[in-house]
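Subject: Structure handover, charged side chains

Hello,

Here is the structure for your files. Please open it alongside this note. My notes on the charged side chains follow.

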Amino acid sequence: MNRKNFLAAVSGAAITGPAWSHTPVLPADPRIPPYLSLGDTIGITSCAGYITLQEIQPAFQLMQDWGFRIAIGDTIGKRDHTFGGTDEERRADMQRMLDDPSIKAIMCARGGYGAVRIIDSLDFSTFVAHPKWVIGFSDITVIHAQLNRIYGVASLHAKMCNSFPNDWSKAEPEQAATILSIRQALTGEKMQYTVVPHPANHPGIAEGTLVGGNLKTLESIAGSPSALTTDGKILFVEDTGEYLYSIDRMFWGLKRSGRLGNLSGLIIGGFRIKPDDSPDEAFGKNLQEIILEKISGYPYPVCFDFPVGHQKNNYALKCGVRHRLQVAPDAVTLIEI
Amino acid sequence: MTKRPPYLQPGDTIGLTCPAGYLPAERAQDCINTLHNWGYNVMVGKTLGSDSATYFSGTDEARADELQAMLDDDSISAILCGRGGYGISRIIDKMDFSRFRKKPKWIIGFSDVTVLLQHVFVNYAIAGLHAPMAGAFAVAENPCVASIREALAGTKIRLEAPVHTLNRRGEAVGELVGGNLTLMTHLIGTASDVKTKGRILFIEDVGELLYKIDRMMMQLKRGGKLDRLAALIVGGFSDLSDTDRPYGKTVYEIIRDAVAEYDYPVCFDFPVSHTDVNYALKLGIGYKLKVGKHKVTLEE
């Protein structure tokens, strides 16, 4: 916790009024919501992009097969242009799920864009008293960051309804494993990940709270009350559809705002890179070089190609929970502790 | 109080450097000729038309060294950036502004140069010139290019903008800050981040998706950068694109909605942009903005 970030949080609260007018809770170790048991209810809501009832069927069916009940939110099938309903509809649906004691976890149906438009009008007071798992990634990074920074509650960075295979029996092994990792995480299994070592990795052992998500989304909340603090933490980032120059600029932003200097460890997930417009415009550095340049001289371990991101290989990660990252030349593991 | 670098006199020297993207030398020839016609000497840096094979006009070191030399050279009275693109974020923290602080000079550019302009204003309270760069001089008799000449010679800036239906009327006085929206949000939380309270903020951008403009406006808003403005000036947002599922608002509607709860004057379609319409604006200097029913004026 540094002073600058603290002041940012306080001034944010002072400026905006009702939504942030609580005293920010600044957690040392976020609280872990209760794990789910058979028969518990998972709510599905769309706080960002538009999704149809049909599109959530595979997730609905499979999670029911796992033994959970499913509550489908009003926003599923609702549409306001690109959004899953108006800001008010998305807010109200999420609010109801945050407050409903019978709902034990909330799966965001898909990402896209929109969480940031409602985050400050949500009332987390009931949720903070009775935390539950919020599940999603990409645009949902906003919610993970908010829960971590302001409310001190762990959450699940994972695939959403639109990533479930239409036919579970035909799912590829990797796809099945990543979907099953959601169930493992929600039911309280200690998570463990083994990663293929990448030649650009920096070896070492780190322990810390896991935070992170989509790099562009993290950049877009910098300076806001939900901006991540990263000191002493294991940061993971992933992104899709960005040019190398844009990734370079975002890493400069992280570095220049003091978010890379005091990490415990750094995990680089999948980056689907938008190709340079022409060979004349070649950026001249690859992803690994871009990142290693920014963390040159920092002592912490770094691993590349971690299975998280906008890709099939996207395992559930518990944000706000302590993990141990071990990066060795021949083996890379991340273990929940 | 913002320091204004000395205005230029005939015979003064303007340094031309490319601190970001690569620019072929021939693309700057009209610019060099025009500056000569205006009575200035031009010192052309090696980063212009360099043998760089990458996106950049040279290595970080080459770009930083040249910019540093021009900042430190007392015989150079202004520095015109050849083009933007991307690259100043990579060198800004390597620059030593100690000599420049004592002997400020006009730095001219926009887009990626927002980083440099905002950095020197935030850290050293020195004004800069948000204006077209070398490539713009190829357009014959471009009044926006002429506006650079007037600004450098010390003519007070007075601009009129078309009346736009989304404008919010009113009058405001304040220092002008801002520039490219993407770069401005990129600088949030860094040592180059600008405070906007009581100031007139202007923004422009190019080539972004509509939802990303909304996300950046949300970022400014949630970071407390929109609620206490003296006024908002919205320039051009060119070459925008939309997602497969349309966003459902125009870019100006997005911006209007982001500031709907405040009551300061707002004007749209201000002639600052990535198109040919891009008048010079002195950043960090006080202005009076009048957004009226029939007329919009910005006066230094």
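E293(A) is partly exposed, at 26% relative accessible area (buried means under 20%, exposed over 50%, partly exposed in between; 1.4 Å probe, protein chains only). K285(A) is also partly exposed, with a relative accessible area of 26%. The side chains of these two, E293(A) and K285(A), form a salt bridge at 3.8 Å, N to O. A salt bridge here is a side-chain nitrogen of Lys or Arg within 4 Å of a carboxyl oxygen of Asp or Glu. Over all chains, the structure holds 32 of them.

Before you read on: this is a predicted model, where local features need pLDDT of at least 70 and side-chain atom pairs count only at pLDDT 80 or more, while totals for chains, interfaces and linings use all residues. Residues are numbered from 1 along each chain as its sequence is written, chains are lettered from A and ligands numbered from 1 in the order in which they are written, and side-chain values use heavy atoms, with hydrogens and water left out.

Now chain B. R4(B) and E300(B) form a salt bridge, with the closest N and O atoms 2.5 Å apart. The partners sit 296 residues apart: R4(B) in the segment before β1 (13-17), E300(B) in the segment after β13 (296-299). Helices (H or I, at least four residues) and strands (E, at least two) are DSSP runs, numbered from the N terminus. E300(B) is buried at 18% relative accessibility. R4(B) is partly exposed at 37%.

R90(B) and D60(B) also form a salt bridge, at 2.6 Å between the closest N and O atoms. R90(B) is in the loop between β3 (76-81) and α3 (98-102) of chain B, and D60(B) is in helix α2 (residues 60-72), 30 residues apart. Both are buried: R90(B) at 2%, D60(B) at 13%. Salt bridges with shared partners join D248(A), K285(A), E293(A), K294(A), D60(B), R63(B), R90(B) and K94(B) into one network.

One more residue to look at.

Best wishes
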